Amino acid sequence: MSGRLHKSLLNARVNLLFYFLGLFFAFYSRRIFLQCLGEEFIGLTGTLGNILNYLNLAELGISSSISFFLYKPLQSGNRAEVANILSLLGYLYRWIGIIILVAAVIISCFFPLIFADKGLPLSIVYFAFANILGSQLIGYFINYREILLAADQKQYLVSIYYQSAGLVKVALQIALAYTWSNPYVWVAVEFAFGVLACVVLNWKINREYPWLKTDKSLGRQLLKQYPDVLGKTRQIFIHKIKDFVLTKSDELFVFLFVSLRMVAYYGNYAMIVSKISLLFTVVLNSVNAGVGNLVAEGNKELEDKVFWELTALRQAVGGVICYGLLMLMEPFISIWLGEKYVLDSAVLVLLVVYTFMNLTRSVVDIFNHAYGLYDDIWSCYVELGLNIVVTVSLAIPYGIVGILAGKIVSVGLIIMVWKPYYLYHRGFHRSVLNYWSGTLRYYAIIGVSFALSWWLTSLIPLPASDNFLLWLLQATVTMIVYFAVNIPLLWFFGRGVKDCAYRFIKRKA
């Protein structure tokens, strides 16, 4: 497991570094591009990107399915099977790329209507669309082998080459925007660096796996050899579509049942939560491929140990993030945007509950993926149905509170109750009571930590946080108190906490 831990930590460090660099460049460059290229052009690139994101729904499921089938041959060193699976992926991706290309051409025929009177010539619309489309299609036609790096716990290589190229690209675009303010140059640089990153990454893959030879022409034959790939892909596709719909439905429901103005108000909360959650997932999702390799080994005792170590880590970090959001988001928004943008406290409480569910569910999700457990298609329809029924019933009388209640009920029953049972019954082959005995203990620890920390903090005379310096003071004191309460409770009562800590201590020693 030490090799898996080393790779997981390396992936996490690299992803974390590029997360902060990318965050800085994103905020800085956006201001420059808006000033130099205009709001209409930046809006155009965002709109075209969203159009292509919807077209990319055709891919949902294939990469996850292929990564599942790669774990076992990678663990056993079966190079021929690895090459066959990647050849099959190349064949499937080629057809998906063709479908996306055809759909994109059809949609582009309506651009004169879609972008009429938008203040931009159609030449730049088509030029930008062609280049953005080309950058995405490279991944389907040429760069499909990068999935091997992720499955083999070498995602850090993808991050290093892609993200480095992305940062250099943005720096060059900033300089060129200052010099010429020409959107055609901006788009050309975007495409050129997409090609460059593809070439460099493929060179690195060839260096890492000199034995890897793929042949997409064998795709039809390989489909017969691996019939489970399409079946697994169809199952994963339905789960991914469900997640996509539920994730993207928030602001649509707010618009339909509350008001357009509240879309912006709720969007402020959602943006803060998404940025913090992204930081969480960037670091902790680095272990996904390691779990897949662990399951492929078949060591049940070690699986249980690692499951509770990862659970301890996610519960601890999830508690920290959610307590910080609960205590600090409202004063932050008041300082940042003004008091009128602060929503009812019930919205914040329910948003924190939903966020905690999403942050801590991942361990069960990771192990279900490692076991290839996706055939509970019915649960997708039930989760969607519950979400819609509860939302429609409660959104009109309670607004955003009702919308969040719909998400909490659907995720709570399916993701938090059914999925653990599914994993323990079909994967671990143990009683799910084993899961709940440990998980309920964590819920109690976090509940006590929240209540006791809030009470202790209320005893400390802090000045009102009406500027960012005072807010930072409040945030520092608040989180110090929480750590002082939460860490001892986790250490003495949290299942898997000591094993997780000893693993890191042993590694550093």
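1. Glu 208 is partly exposed, at a relative accessible area of 25%. In this predicted model, Glu 208 forms a salt bridge with Lys 154, and their closest N and O atoms are 2.9 Å apart. The two belong to distant parts of the chain, 54 residues apart: Lys 154 is in the loop between α7 (147-151) and α8 (155-180), while Glu 208 is in helix α9 (residues 183-208). Lys 154 is buried, with a relative accessible area of 14%.

2. Glu 208 also meets Lys 204 in a salt bridge, at 3.5 Å from N to O. Here both partners lie in helix α9, four residues apart, which is about one turn of the helix. Lys 204 counts as buried because its relative accessibility is 17%, and the cut-off for buried is under 20%. Shared partners join Asp 152, Lys 154, Lys 204 and Glu 208 into one network of salt bridges.

3. Another salt bridge is formed by Glu 190 and Lys 169, with the closest N and O atoms 3.1 Å apart. Glu 190 lies in helix α9 and Lys 169 in helix α8, so the pair ties together parts that are 21 residues apart in sequence. Glu 190 is partly exposed at 24% relative accessibility, whereas Lys 169 is buried at 16%. The count for the structure comes to 12 salt bridges.

4. On the surface there is a nonpolar patch of Trp 95, Ile 98, Val 102, Ile 106, Phe 110, Leu 113 and Ile 114, with about 700 Å² of accessible area together. Helices α4 (79-108) and α5 (111-114) each supply at least two of its residues. The largest share, four residues, comes from α4. Ile 98 is found in α4 and is partly exposed, with a relative accessible area of 34%.

5. Helix α11 (residues 228-257) has 30 residues and reaches 42 Å from first to last C-alpha, close to the expected 44 Å. There is a bend of about 45 degrees in α11 at Ser 249. Ser 249 is one of the buried residues of this helix, which also include Lys 232, His 239, Asp 250 and Phe 253.

6. Val 481 lies in helix α20 (residues 468-493) and is buried, with a relative accessible area of 12%. Val 481 and Leu 456 are 25 residues apart in sequence, and their C-alpha atoms are 7.3 Å apart in space.

7. As for the whole chain, the secondary structure comes to 21 helices and zero strands. The radius of gyration is 24 Å, close to the 23 Å that the globule rule gives for 509 residues, so the chain is as compact as a globular protein of that length. The C-alpha trace spans about 65 × 55 × 50 Å along its principal axes. Of the 509 residues, 50% count as buried.

Methods. Residues numbered from 1 in each chain as written. Predicted model: local features only at pLDDT ≥ 70, side-chain atom pairs only at ≥ 80, totals over all residues. Heavy atoms only, no water. Expected span 1.5 Å × (residues − 1). Bend = angle between axes of the 7 residues up to and from the residue. Buried < 20%, exposed > 50% of the residue type's maximum accessible area, 1.4 Å probe, protein only. Patch = residues over 30% accessible without salt bridge, like charges linked within 9 Å, V, L, I, M, F, W, Y side chains within 5 Å. Areas by Shrake-Rupley, 256 points an atom, 1.4 Å probe, with all protein chains shown as cover. Salt bridge = Lys/Arg side-chain N within 4 Å of Asp/Glu carboxyl O. Rg over C-alpha atoms; globule rule 2.2 N^0.38 Å.
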